[in-house]
Amino acid sequence: MIQERFDAIVVGAGMGGNAAALTMAERGLKVLQLERGEYSGSKNVQGAILYADMLEKLIPNFREDAPLERHLVEQRFWILDERSHTGIHYRSDDFNEEKPNRYTIIRAQFDKWLSQKVRDAGATVLCETTVTELLQDSHGRVVGVRTDRDGGEIHADVVVLAEGVNGVLGTGAGLRGRPKPDKVALAVKEMHFLSRETIDARFNLKGDEGLVIEAVGTISRGMTGMGFIYSNKECISLGIGCLVADFQRTGETPYGLLEGFKRHPSVAPLIEGSEVKEYSAHLIPEGGYRAIPQLCGEGWVVVGDAAQLNNAIHREGSNLAMTSGRIAAEAICLIRSRKDPMTAKNLSLYKKMLTDSFVIKDLKKYKDMPALMHTHSQNFFLTYPQLFSKAMQDYVRVDGTPKLEKEKLMLSSFIKARSWSGLFSDALRIARAWR
């Protein structure tokens, strides 16, 4: 195994790990990045949304060679019951700009591309290498890692933990607790392949235009969850995720929810005739601000999903991972430039810089929303979608019934479901959580 000492070791080669390794390598640090997969992205077969602003801070000219799928010009939000959806669409030609703001990507391709940028910057990247333990001295300071390779001890001044939401290194070393089931979602995804022409026709797209559909409602069977559809060049990423605690409580299966979502009358025509080539499952942090663990300590920092940095309300994860990785690296570089040791006190600069960024500010603003959605999941994801659908159908159906009578029937439906006061109470809770 490698005998030399490194300035920094990065564990993990996802968005956060790659951002950290790239930033430190570009600034002259001697960086080792360790990834247990065959290559960066080998475990990520799903599609995702890329936020350009965050990547531009790492690689300003990324559009020249990054494996991008489509730039997003339309966003759809659906509330589903069993046979219908109530939707809000936003589409703008402004998004057909010279430098678009959001793109769909396929993670396996994108992560591999980003990893090559890390190598090009001078970092050493070792794949198919599992870090089994953090090395700590007699005072509990992290001084390196142990891997599954022969003679697998490697030393460094600081270790960046970018091991994902279910990483065992930090928890095994007692640096942070294991995420609780009500703070983590399990998402399952499929890649449905269709011709580019078919995708363009079904979603009213042209060129490299793309769209995203996000759906809530009865598809999650009363659990806290969401379905999503992303358009790529020649495939559609489709999936659904719910809290692990809800799967445990109800006995529902992720695959069963996915099959139900695919069969929904609003979804089935979009994927008709497609060929499914890839299926994956992925854990996503959903606890928000209140679930963020200790971010740094003696000789270590934690970034990305491992730090529970995911904005569940706005469905943003990759941008928070990249930003936290970059900020952690910038803090480490600044500490090193001062020739200061990587102590918990000095590394707290990372926490301060992250707190001053949009990452913590956004998560703190919505700190009570995840718990609210989970506590009242039956209302938000089952009762209200059904009532909204019934109200909309009564509104648009013209059958000779007087409008006043229809309004009374709609009000009666809410009262019978005991949902009018519940809706009012939940609206107040959302307003308080939104402040």
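1. Let's start with threonine 132: at 44% relative accessibility this residue counts as partly exposed (buried means under 20% relative accessible area, exposed over 50%, partly exposed in between, with a 1.4 Å probe and protein chains only). The model is a predicted one, where local features need pLDDT of at least 70, side-chain atom pairs count only at pLDDT 80 or more, and totals for chains, interfaces and linings use all residues. Residues are numbered from 1 along each chain as its sequence is written, and side-chain values use heavy atoms, leaving out hydrogens and water.

2. Threonine 132 belongs to strand β8 (residues 131-136); helices (H or I, at least four residues) and strands (E, at least two) are DSSP runs, numbered from the N terminus. Setting aside residues up to four places away in sequence, threonine 132 touches Arg146, Thr147, Asp148 and Leu169 (contact means heavy atoms within 4.5 Å). Arginine 146 is 14 residues from threonine 132 in sequence, and their C-alpha atoms are 5.7 Å apart.

3. Now have a look at strand β12 (residues 209-217): 9 of its 9 residues are buried, so the strand is largely enclosed by the rest of the structure. One side carries Glu209, Leu211, Ile213, Ala215 and Gly217, the other Gly210, Val212, Glu214 and Val216.

4. What are the partners of β12? Strand β4 (residues 68-80) runs parallel to β12, joined by 9 bridges (two strands pair if DSSP finds at least two bridges between them). Here arginine 76 stands opposite isoleucine 213. Strand β13 (residues 225-231) pairs with β12 in the antiparallel sense over 4 bridges, with valine 212 opposite tyrosine 230.

5. Finally, visit helix α13 (residues 377-396), where tyrosine 395 is found. Tyrosine 395 counts as exposed, at 62% relative accessibility.
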